[in-house]
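This report describes a structure in terms of its chains, helices, strands and contacts. The sequence and the model come just below, and the text follows them.

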Amino acid sequence: MTTTSEVLEVDGLRMRYGSNDVLHDVTFQVRQGEVVALLGPNGAGKTTTIEILEGFRMRSAGRVEVLGVDPAHGAEQWRAKVGVVLQSWRDHGKWRVRELLAHLGSCYACYSEPWDADELVAAVGLTEHADKKIATLSGGQRRRLDVAVGIVGRPELLFLDEPTAGFDPEARREFHDLVQGLETTVLLTTHDLYEADKLADRIMILNDGRIVADGTAEELAKRIVGEDEVRWKRDGRQFTQLTTESTQFAFELFQRYGQSIVELEIRRASLEDTYLSLVHQAEVTA
Amino acid sequence: MNPTATALRAGWSRGLIELRQSLTNAGDLFNHFFWPVLMLATLFFMRDVSFGQSGFLLGTLVLPSILGMNAAMSMVTMSQLLTADREDGTLLRAKATPNGMLTYLVGKILSVSGGLVVDLAIFLVPALFIISGLTVGTAGSWLTLVWVLALGLVATLPIGAVLGSLFPSARSQGLLTLPIIGMIAISGIFYPITSMPEWLQGIAQVFPIYWLGLGMRSALLPDNMVGVEIGESWRHLETVGVLGSWAVVGVLVAPVVLRRMARRESGSSVVERREKALQRVR
């Protein structure tokens, strides 16, 4: 164990396939107990990053420590402390839900006190499907099972890769409740801003292989770009102005035109605007 | 409990679960019955045919040979299961679990061996009603059958695991079928090997199928039938030598190949293969 509370430390991570750089100099930390979202558009390098951290993929350069260990050389004891939920599992289709959880739990017996299969089935809301064959589960149920498998050994750190891709809104909401109830450090990837906002204590935006922003949802919205939209009417004409200083702008507007300004509207920069403008900026400068 | 003991115990229960699944599911049950029933039909039509001037009944010769052939086929089963498990992510799951690969392999060896014993019984029990002249009444016969079977499995299962790691997809496993059928044809399963040209006999004696067939014949045939074998001997020493060599090679090579294959597995490689498979369907 490291003495700091850093569960995850990434410093100067690079990944190159042939002559194509997928990750350039990715640096970040995750502290114990945090839920952090790695947010970015498709192809940004989220899955590559998380697979390197899971120890499933070799990196080209940079320092990576997961629970104080380089995941490229993680021993079985390290493996027992890390939970992994990949983008798509379809393994063990012939197994029954409770049966698989009991079996996989038994693999952790010498490292930790694994979850009791019945309690875990209940915790992820699959009690009525406990004796069903896994191949017959719906997408949402299967995903809940995947999370159950991910946490069966009571990991200190859980990786969730695109946990709700392809969910309907109801399944997504249930899944969010499930993840919010977990008492462990979580790193999740998503391209869904709403999901990142809902689940994560902290959001890192990854675009084109670079972390372009890192902070809480409010911090991101406040700190970066975030242009508010000011709309008004004057003499029957509609005006729109984007500005970072919307209050000041409105004040000046009234000073100048007084009562001829009508239907004033100020829309504050939302996280979504911030995200889009960040991704857009990064694409322009790239 | 130490990690290896934990993995062995988990692997044991995994094997039993997989075996139970394969005996309670329609698709797998069909596979369990298909070959034995086909072989029984073959035996039935062969039962009165005699081999050359020897006066031996071909059916009597062929029954133990088929047992040996089936045992050798567990190599193909192992290979197919491994490739399928790689495609659907079962192996990746094993990789994400502490000591999961060891657990997985122990389970797979147990379930394939157990499945084979079931297949052999499905064939052997009815076959004994069709064929006569076997030495099934003595304990020695069964003892020989058991050691030949055990040695055969140790020789063939690791090689099967290696093949399964090398094939990129379940579909490409089809490439295995042709050489295997050729091997069966030259290995003295359905007709005594001594009636083949000598160079073919030489090739056959490199591979496990011939030796498993010979070992099974040595277990179940009366001693006077040794006359149709090479050197008019059951050649137990040579059997142990050849099967033992395959076992040693397999046990040495399999972990290396399996580890290399496992290292390449990641979530995206599983997704990639699935997308490729879907493209072929479209």
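## Helix packing in chain B

In chain B, the H3(B) residues B:Leu61, B:Pro64, B:Ser65, B:Leu67, B:Gly68, B:Met69, B:Ala71 and B:Ala72 meet B:Pro208, B:Ile209, B:Leu212, B:Gly213, B:Gly215, B:Met216, B:Arg217, B:Ala219 and B:Leu220 of H9(B). Contact here means that the C-beta atoms of two residues, placed from the backbone, lie within 7 Å. The residues of this contact between H3(B) and H9(B) divide into twelve nonpolar, four polar and one charged. In that division Ala, Val, Leu, Ile, Met, Phe, Trp, Tyr, Cys and Pro count as nonpolar, Asp, Glu, Lys and Arg as charged, and the others, Gly among them, as polar.

The model is predicted: local features need pLDDT of at least 70, side-chain atom pairs count only at pLDDT 80 or more, and totals for chains, interfaces and linings use all residues. Residues are numbered from 1 along each chain as its sequence is written, while chains are lettered from A and ligands numbered from 1 in the order in which they are written. Helices (H or I, at least four residues) and strands (E, at least two) are DSSP runs, numbered from the N terminus.

Two packed helices are described by the angle between their axes and the distance between the axes. For helix H3 (residues 58–87) of chain B and helix H9 (residues 208–220) of chain B, the axes come within 7 Å and cross at roughly 135°. H3(B) is therefore oblique to H9(B). Axes are lines fitted to C-alpha atoms, for helices over the stretch in contact, and angles run from 0 to 180 degrees between N-to-C directions. Angles under 35 degrees count as roughly parallel, over 145 as roughly antiparallel, 65 to 115 as roughly perpendicular and the rest as oblique.

Elsewhere in chain B, B:Thr177 is found in helix H7 (residues 174–186). Its C-alpha is 8.7 Å from that of B:Val76, although B:Thr177 and B:Val76 are 101 residues apart in sequence.

Chain A has ten helices and twelve strands. Its C-alpha trace spans about 75 × 45 × 35 Å along its principal axes. Of the 286 residues in chain A, 42% are buried. A residue is buried if 20 or more other C-beta atoms lie within 10 Å of its own, exposed if 12 or fewer, and partly exposed in between, with C-beta atoms placed from the backbone. Among contacts in chain A with a separation of 6 or more, 67% are between residues 24 or more positions apart.

Between the chains, 26 residues of chain A are in contact with 25 residues of chain B. On the side of chain A that touches chain B, the elements giving two or more residues are helix H1 (46–54), helix H2 (76–79) and helix H3 (97–106) of chain A. H3(A) gives the largest share, four residues. By type, the residues on this side of chain A divide into eleven nonpolar, six polar and nine charged.

H1(A) is largely enclosed by the rest of the structure, because nine of its nine residues are buried. Just after H1(A), A:Gly55 takes a positive phi of about 85°.

## Two sheets in chain A

One open sheet of chain A has three strands in the order E2-E1-E4, with antiparallel pairing. Strand E2 (20–31) and strand E4 (61–66) of chain A stand at the edges, each with a single partner strand, so one side of each has no neighbour in the sheet. Two strands pair if DSSP finds at least two bridges between them. Eight bridges join strand E1 (residues 6–17) of chain A to E2(A), and A:Leu8 stands opposite A:Val30 in E2(A).

Another open sheet of three strands in chain A has the order E11-E10-E12, and its pairing is antiparallel. Its edge strands are strand E11 (237–243) and strand E12 (261–267) of chain A. The twist averages 15° from one strand to the next. Seven bridges join strand E10 (residues 228–234) of chain A to E11(A); the bridge partner of A:Lys233 in E11(A) is A:Gln238.

## Exposure of single residues

A:Glu263 lies in strand E12 of chain A and has a positive phi of about 50° although it is not a glycine. B:Arg235, in the loop between H9 and helix H10 (236–264) of chain B, also is not a glycine and has a positive phi of about 50°.

| Residue | C-beta atoms within 10 Å | Class |
|---|---|---|
| B:Thr177 | 10 other C-beta atoms | exposed |
| A:Glu263 | 9 other C-beta atoms | exposed |
| B:Arg235 | 19 C-beta neighbours | partly exposed |
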